[in-house]
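Subject: Handover of a structure and notes on it

Dear colleague,

Please find the structure below, followed by an account of what was found in it. I would be grateful if you could read the notes with the structure open beside them.

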Amino acid sequence: MGLALIAMFADQAGEMQIRGLDTDTQFLGSFAAGTGIGGFAHVHFQLAAAGAPETAVGLLGPLQQQHVIALVEAIEQRGDFVGQCHRPEFPVPDAGCRMENSIVTTPQNVSMAGLVLRAGKMHMKTYDVAVIGGDGTGPEVTREALKVSEAAAGKFGFKLNWHPYDFGGEHYLKTNEVLPDGAVDELRKFKAIFLGAVGHPKVKPGILEKGILLRLRFELEQYINLRPVKLYRAADCPLKDKGPEHIDFVVVRENNEGLYAGAGGFQYHGTPHEVAIQESVNTRYGVERCLKYAFELARKRRDGKPWKGLKAEDVKAGKTAQLTLCGKTNVLTYAFDLWWRAFNELAPKYPKVKTDYAHVDATVMWFVKNPEWFDVIVTDNMFGDIITDLAAMIQGGLGVAAGGNINPEGASMFEPMGGSAPKYTGQNVINPIAAINAAGMMLDFLGEAKAGAAIDSAVVKIINTKIKSLAAGKMGYGTREVGDLIAAAI
Ligand code: IPM
Ligand code: MN
């Protein structure tokens, strides 16, 4: 189909202009009119090159309501328009137009003061997301994460379809099964899964963690556990003299192997001679794919702008990022020898990434003393588990720490790092920001980078202007109210 595009923009006098142009470029587009401030409507456009992962989102405006209505009327009046046009009512969370055929075909010199809206086949981009609220405070924080995601979807013109699953402690106590047959394969169909928390006081520790969280991580091959560590406000950091400028790094934890793979066993179980062996599994394939992900992330982080922790000579040599391998090469001489060799063999493929190594014990020491020394850290499953809890504390606690279990080609799962916090359940006191941050990571993963960034900015804003403390019960607001504030700030 030869596509017709129309450009819509407000000229200097504030008049609405609609012009057409032809293009062969394949664009999928959608547009949504959202409420703006002071009676203005902002029209958001989203253009995504078909088949390309990047999504460009633009903001046209501020346009007055009449402009949006004028556009709708202009579209309706065209004889060659076939389809439905929804007239937005104000205020509207996400109204817009859906058009099935081209409406403007005249090539014009279009001033690109505005953005281009495809008038061919248009539909809103839609994402299906599985939601496991889980146990304890999991459902409460999940509710706020979905609320904020909806606000971002409204603003950036896409749609989220939530598919709830009731897996967790209650389900297990009722049915005696942790995950029903077929659940993993059903979840595999989703590109994203949102998980609130697992862990129930009436269920023996390990059953739900292994049966849900670890099982999904392994069976869905979520081989990366991604944990951004970002301090939003100096007051929330327990370290002396450290502020947001010092703490902004990412930990890439291998998520499918190591000591968590379940290799080992008992001998002479329950006797005085008992032997318990737990082996760390490190495959070349597993280690290498994790390292590759970390190198790529380091290369792309901050859009390739140099990380401020680099020395002048590194910048001169063309480096823009640093990747630290965190291991224990002096003692774990098999496992980390493999990591070390794979790391150094990959490094030449990423000339812009400066490589660095730190033993795990030194890493945690520096998290406290010099967290500004880190940009991207890559490590194995167990070290990653441990160091990210310390990292969570220096970024302000579990109330804000989020993680993604990533399979870059498959179903990925996003979760707040804190557990189910049974003692706070149902009291509207738990901090939902970690879950909201996890939702931001999820939208970014789905290709809605602007939406993810908007959630991050809204969180920064609300923490700095409203939230008293990040601890449960001390925020100065309830769980729901924090969600409302962040949603409104999107
Ligand atoms: C985490 C958790 C899990 C882990 C537990 C609950 C199995 O601590 O996500 O870090 O150890 O990976
Ligand atoms: Mn952990």
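Two residues are said to be in contact if their C-beta atoms, placed from the backbone, lie within 7 Å. In the protein chain, 71% of the contacts between residues at least 6 apart in sequence join residues at least 24 apart.

The model is a predicted one, in which local features need pLDDT of at least 70 and side-chain atom pairs count only at pLDDT 80 or more, while totals for chains, interfaces and linings use all residues. Residues are numbered from 1 along each chain as its sequence is written, and chains are lettered from A and ligands numbered from 1 in the order in which they are written.

**The chain as a whole**

The secondary structure of the protein chain amounts to 13 helices and 20 strands. Here helices (H or I, at least four residues) and strands (E, at least two) are DSSP runs, numbered from the N terminus. The chain has 490 residues, and 44% of them count as buried. A residue is buried if 20 or more other C-beta atoms lie within 10 Å of its own, exposed if 12 or fewer, and partly exposed in between, with C-beta atoms placed from the backbone.

Which residues are around ligand 1? They are E209, L213, L214 and D385. A residue counts as near a molecule if its C-beta atom, placed from the backbone, lies within 6 Å of it. Helix α5 (residues 207-219) gives the most to this shell, with three residues. By type, the shell has two nonpolar residues, no polar ones and two charged ones. In this scheme Ala, Val, Leu, Ile, Met, Phe, Trp, Tyr, Cys and Pro count as nonpolar, Asp, Glu, Lys and Arg as charged, and the others, Gly among them, as polar.

Helix α5 also has buried residues, namely L208, I212, L216 and R217. The elements that cover them include α3 (169-175), α4 (183-188), β19 (402-406) and β20 (412-416). Just after α5, E221 takes a positive phi of about 50°.

**Two helix pairs that share α12**

Helix α12 (residues 449-465) and helix α13 (residues 479-489) have axes that come within 8 Å and cross at roughly 125°. Axes are lines fitted to C-alpha atoms, for helices over the stretch in contact, and angles run from 0 to 180 degrees between N-to-C directions. The two helices are therefore oblique to each other; angles under 35 degrees count as roughly parallel, over 145 as roughly antiparallel, 65 to 115 as roughly perpendicular and the rest as oblique. In this pair, A458, V459, K461 and I462 of α12 meet L485, I486 and A489 of α13. The residues of this contact comprise six nonpolar, no polar and one charged.

Helix α2 (residues 138-156) also packs with α12, at an angle of about 130° and with the axes 10 Å apart. This angle makes α2 oblique to α12. From α2 the contact takes V148, A152, A153, K155 and F156, and from α12 it takes K450, A451, A454 and I455. Seven of these residues are nonpolar, none is polar and two are charged.

**Individual residues**

V360 lies in helix α9 (residues 360-369). Is V360 buried or exposed? It counts as buried, because it has 20 C-beta neighbours inside 10 Å. Leaving aside neighbours within four places in sequence, V360 is in contact with C326, G327, K328, F383 and I387. G327 is 33 residues from V360 along the chain, yet their C-alpha atoms are separated by 5.3 Å.

N330 is found in the loop between β16 (321-327) and α8 (335-346). N330 counts as exposed because it has 9 C-beta neighbours inside 10 Å. From C-alpha to C-alpha, N330 and H359 are 8.2 Å apart in space, and they are 29 residues apart in sequence.

Most residues other than glycine have a negative phi. Y268, in the loop between β14 (258-267) and β15 (275-281), has a positive phi near 50°. D303, in the loop between α6 (284-300) and α7 (312-316), has a positive phi of about 50° although it is not a glycine. Y268 is exposed because it has 10 C-beta neighbours inside 10 Å, and D303 is exposed because it has 6.

Yours sincerely
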